[in-house]
Amino acid sequence: MIKSKDIIVVGIQAWDIEIGSNCKNIALEFSKNNRVLYVNPPMTRSVMREQKHKENIQKRIQIKNGQEVDLIEISHNLWNLYPKTLIESINWVPIHGIFKILNKKNAIGYANDIKSATSKLGFNNVILFNDSSMFLGLHLKALLQPETYAYYMRDYLVKVPYWQKHGERIEPLVVKKADVVLTNSEFFEDFCRQYNANSYMVGQGCDVSHFSDDGETIKIPDEFKDIPSPVFGYVGSLTTLRLDIELLEFVAEQKKDWSIVLVGPEDEDFKNSNLHSMSNVYFLGRKDASELPNYVKGFDVTTNPQLKNNLTIGNYPRKIDEYLAMGKPILATKTKAMEMFKEHVYLADTKEDYVT
């Protein structure tokens, strides 16, 4: 166990993200025995311009302008840094050599903000824990000089269009530079071992206490009163990068006596899908993370209807841990990462398997 160390956590999710975050959970766990600085991703100029109406972006603009403090104490041993430096949005740059120059400039500004915060906190001999921030992470080891640099790969981001253009070249370089690489599935461990022998699958922790209902204290939301049983349910982001709309439409069509309940924010494809015209499909919208156990309790069967693609093949869905903690039957798409759950979860290869 790591104790009495100073740890910097960087990644691609801010502390004020609206959904659950594995990286935040890790930072909280670290802070039980160490001092931890959780660093938000820096704001890009394009995001500042295009999303300036949003409350969280307004907060970052005020911090950039010196109107609010950038370093906030979250709890004992845990601080959150909002970087002041505005970085340029450069992923669109088609020439990789130019991208590399601009990316290093972005990383220098980001690292300077981190150095300023660690100086205020008196951090020394730090461990740098990088959760998937491959572009800025390429230079942070050299710029911050940590005692140990750990890279955490928990998603196949280089198969996401945003990351793919430059990420397929850069992420292997980050993996090579790391002192240790941690992954949440055997698929990612195999990938990383091509570039770094110190690559290990450590699984993915989950605070299941939030989903414990031993005392029957979790209440099913009133929304379920008008939803007929049996309920086949999903909680999480409804995105067509990961989820199979056609599969859900097939299940809803084949089993009209089932209620398909989807809890979470929708992307445009979900909003425009035929699911909205199907009488046995219910969209309950975005919910606060603290409410999710209540909605899971309302399901008779839980599901993770993943697409099978390069993005999802190694994906470890934390919701499986949460569903299991609630004692719910689970039906999920069979992938290499899901094989570790095969003794506890129904795994389906096809849409027909889902119905069966």
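In which loop is Pro230 found? In this predicted model, Pro230 belongs to the loop that runs between strand 8 (199–201) and strand 9 (231–235). The peptide bond leading from Ser229 into Pro230 is cis, and its omega is near 0°.

Ser4, which is not a glycine, has a positive phi near 55°. Ser4 sits in the segment before strand 1 (6–11). With a relative accessibility of 70%, Ser4 counts as exposed, because exposed means over 50%. Asn125 is likewise a residue other than glycine with a positive phi, here near 45°. Its place is the loop between helix 4 (96–121) and strand 5 (127–131). Is Asn125 buried or exposed? Asn125 has a relative accessibility of 55% and so counts as exposed.

Attention can now turn to the space inside the model. The count of cavities of 30 Å³ or more comes to 1, and the largest cavity holds about 30 Å³ of space. Which residues line the largest cavity? Its lining is made up of Asn40, Pro41, Pro42, Met43, Arg60, Tyr82 and Pro83. Sorted by class, this lining has 5 nonpolar residues, 1 polar residue and 1 charged residue. Arg60 is the charged one, because Arg counts as charged, and Asn40 is the polar one, because Asn is among the residues that count as polar.

Note on methods. Residues are numbered from 1 along each chain as its sequence is written. This is a predicted model: local features need pLDDT of at least 70, side-chain atom pairs count only at pLDDT 80 or more; totals for chains, interfaces and linings use all residues. Side-chain values use heavy atoms; hydrogens and water are left out. On a 1 Å grid over the protein atoms alone, a cavity is a set of points where a 1.4 Å probe fits but cannot get out, and a pocket is an open set with protein on both sides within 12 Å along at least five of seven lines; lining residues have an atom within 4 Å of a point. Grid points are joined across faces, edges and corners, and a volume is the space filled by probe spheres set on the points. Helices (H or I, at least four residues) and strands (E, at least two) are DSSP runs, numbered from the N terminus. Buried means under 20% relative accessible area, exposed over 50%, partly exposed in between (1.4 Å probe, protein chains only).
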